[in-house]
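Reader: Can we go through this model together? I'd like to start with the helix packing and move on from there.

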Amino acid sequence: MKTSIATVCIAGDLREKLAAIAAAGFDGIEIFEQDFITFDASPREVGAMVRDHGLEISLFQPFRDFEGLPVPDRGRAFERMERKFDLMQELGTDLVLVCSSVHSKALGGIDRMSQDFAELGERAATRNLRVGYEALAWGRHVWDHRDAWEVVRRANHPNIGLVVDSFHTLGRKLDPNSIRAIPGDKIFFVQLADAPMIEMDLLYWSRHRRNMPGQGDLDVTGFMRAVAATGYAGPISLEVFNDQFRGGSPKAIARDGHRSLIYLMDQVRRAEPELHVDLPDIPPRVTSEGVAFVEFAASEAEAEGLRKLLGSLGFRRAGKHISKQVEVWQQGAIRIVLNTDQDGFAHTAHIAHGLNICDVGVLVDSAEDTVSRARALGATPFSQSVGPGEMQIPAIRGVGSGLLHFIDRSSDLGKVWEIEFEPAEGGATHEAGLTRIDHIGQTMNYEEMLTWSLFYLSLFETNKQATVDVVDPGGLVRSQAIESPDAALRVTLNGAETHRTFAGRFIADSFGSSVQHVAFATDDIFVCVAKMRECGFEPLPMPENYYDDLTARLSLSPDFTDRLKADHILYDEDASGSFFQVYTRSVGDGIYLEICQRKDGYTGYGAANAPFRIAAQRRLSRPSGMPRV
């Protein structure tokens, strides 16, 4: 399978784009005409530069407003195309894309347009060049790939073929299965893009809101299954117009693009196994049983504060590492690792970020298969030297340069707590009723959200929920939950648009640290809080105004609201059930813990309560600009 990407997809000048595209592992590029025109080098020099990066020019595009024109405009269109043919030969590419015309003088008519392409095919054949015709979703006379195919079919020339584009088909809500009837050798090129499902002008939607396959709501997998069923064996390419990408990191966007194509074609192969997909075998998306541990990197002084906090939540110190300054605190199925060692990754993370959650362990079916799939998707593997008696636990780099370690029950990895840790005592004498990690919240700059959403969706057997806007007094935070089908693994991605928000300040103060929030589940939050209070727990205080509004908004009884208010518990309801939350006060640069209870199938995360939680956190936080002591 050859992969390609249009140079318009990413930021930078042509040289920067080529470096990023090559580094991401693509085989070729669609060279967008504007990128070539604005670059100060001859066509031959540009072609040589592309090949020096180990890439090929899969397509030159776009040529606009060719077919169906009256005389003398028709003649001028052929003259323009001859000049582009000259350029293509100097660049070293044999395929040009012609978009369906939007010209005000275009006359339309299938026969008239097919005759134009038949003549163009003759001219292209003399130079050993090919022409691909694409139906723009907003074309004047042709906006459906079926009509474009009829033009190509009637042109009946070996040098004239069809270009199909997932956005133009799916954005028009056309059935992609009609592509299955087209001969694969007459499809010259395939362009792919996803998009959020938004009702807006097609042209504006296309030019500003496309994204990588898997990042939006269109059925790109169904589209590509139809294409693969034709026997098409050419490149699959990305053509993504996105304002966010144009201002983003070329390397990061290119990596996302390549990952999206591997993920897409793996999904195509699994959805329709009889199709031939030229892709190396990789393990399927990973089934997870949830978060196995979270690890804090801390100084000894910071660790002492964390020990007090964990003790107040009912955790006990269950183990001490056999050779390092590392402890594990446990309650129910929850393990919290405190790492104060002066060597290794956690120490480096502490130097960079201060007190932070540097590592998340995920319980999976097979740690080996998880890392194999992650590597195939372009993730960065991680390892460090281990001492006597220690285990090498498979890991990759995650959000904010943190780590994801993978533990399974099918190997000795599941015995790491017995192998690497000695029993220890300390903390609470009685558990408070915390059972498991309900979810973790990872904070990032807003422009990173699509990257990490694709990361989790492509690696794990998960689905994404709709993005929720959280109003912070300092600005807007976008939040999206990624969940496994059984909700064993839940991750919320929180994108800060400004550093004035509580989430944005966490990013700035911790220099890009990632996990800001860990939520613990309990079966009875009132009993749990009572037990934690006995251990010295101090909840994040909520104002009476919140409870007055809650009573009126949800028609709650005063007795029930008084019970919530007494323990500073927040409450929410959805169509299925109810949700209870109570928060710790923040530690470090804004890390906080949550205790929550879900009842009767509640599926959300208490988004309605987020503004009030944020306001309470801001009241207790260090004033902006005040240094830490």
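Author: Helix H5 (residues 110-125) and helix H6 (residues 145-155) have axes that come within 8 Å and cross at roughly 55°. That angle makes H5 oblique to H6. Axes here are lines fitted to C-alpha atoms, for helices over the stretch in contact, with angles from 0 to 180 degrees between N-to-C directions. Angles under 35 degrees count as roughly parallel, over 145 as roughly antiparallel, 65 to 115 as roughly perpendicular and the rest as oblique.

Reader: Before we go on, what kind of model is this, and how are residues numbered?

Author: This is a predicted model, where local features need pLDDT of at least 70, side-chain atom pairs count only at pLDDT 80 or more, and totals for chains, interfaces and linings use all residues. Residues are numbered from 1 along each chain as its sequence is written, and side-chain values use heavy atoms, with hydrogens and water left out.

Reader: Fine. Is the H5 and H6 crossing left-handed or right-handed?

Author: H5 passes H6 in a right-handed crossing. Right-handed means that the near helix is turned clockwise from the far one by less than a right angle, and left-handed means anticlockwise.

Reader: Which residues make the contact?

Author: From H5, Ile110, Asp111, Met113, Ser114, Phe117 and Ala118; from H6, Asp147, Glu150, Val151, Arg154 and Ala155. Contact means heavy atoms within 4.5 Å. By class, the contact of H5 with H6 has 6 nonpolar, 1 polar and 4 charged residues. Nonpolar covers Ala, Val, Leu, Ile, Met, Phe, Trp, Tyr, Cys and Pro, charged covers Asp, Glu, Lys and Arg, and the others, Gly among them, are polar.

Reader: And how are the helices and strands assigned?

Author: They are DSSP runs numbered from the N terminus, with helices (H or I) of at least four residues and strands (E) of at least two.

Reader: Next pair. At what angle do H3 and H4 cross?

Author: Roughly 40°, with the axes of helix H3 (residues 43-52) and helix H4 (residues 73-91) coming within 7 Å. H3 is therefore oblique to H4. Their crossing is right-handed. Pro43, Arg44, Val46, Gly47 and Arg51 of H3 make the contact with Leu87, Glu90 and Leu91 of H4. Those residues divide into 4 nonpolar, 1 polar and 3 charged.

Reader: What about H1 and H3?

Author: Helix H1 (residues 14-24) packs on H3 at an angle of about 25°, with the axes 10 Å apart. H1 and H3 are therefore roughly parallel to each other. H1 passes H3 in a right-handed crossing. In H1, Leu14, Arg15 and Leu18 meet Val46, Met49 and Val50 of H3. This contact has 5 nonpolar, no polar and 1 charged residues.

Reader: Changing topic. How many cavities are there?

Author: A search of the whole structure finds 8 cavities of 30 Å³ or more. On a 1 Å grid over the protein atoms alone, a cavity is a set of points where a 1.4 Å probe fits but cannot get out; a pocket is an open set with protein on both sides within 12 Å along at least five of seven lines, and lining residues have an atom within 4 Å of a point. Grid points are joined across faces, edges and corners, and a volume is the space filled by probe spheres set on the points.

Reader: What lines the largest cavity?

Author: The largest cavity has a volume of about 470 Å³. It is lined by 29 residues, of which Glu295, Lys324, Gln384, His405 and Glu420 lie nearest its centre. The lining divides into 15 nonpolar, 7 polar and 7 charged residues.

Reader: And the largest pocket, what is its volume?

Author: About 610 Å³. Of the 24 residues that line the largest pocket, the closest to its centre are Pro196, Arg209, Tyr446, Leu450 and Thr467. Its lining has 7 nonpolar, 10 polar and 7 charged residues.
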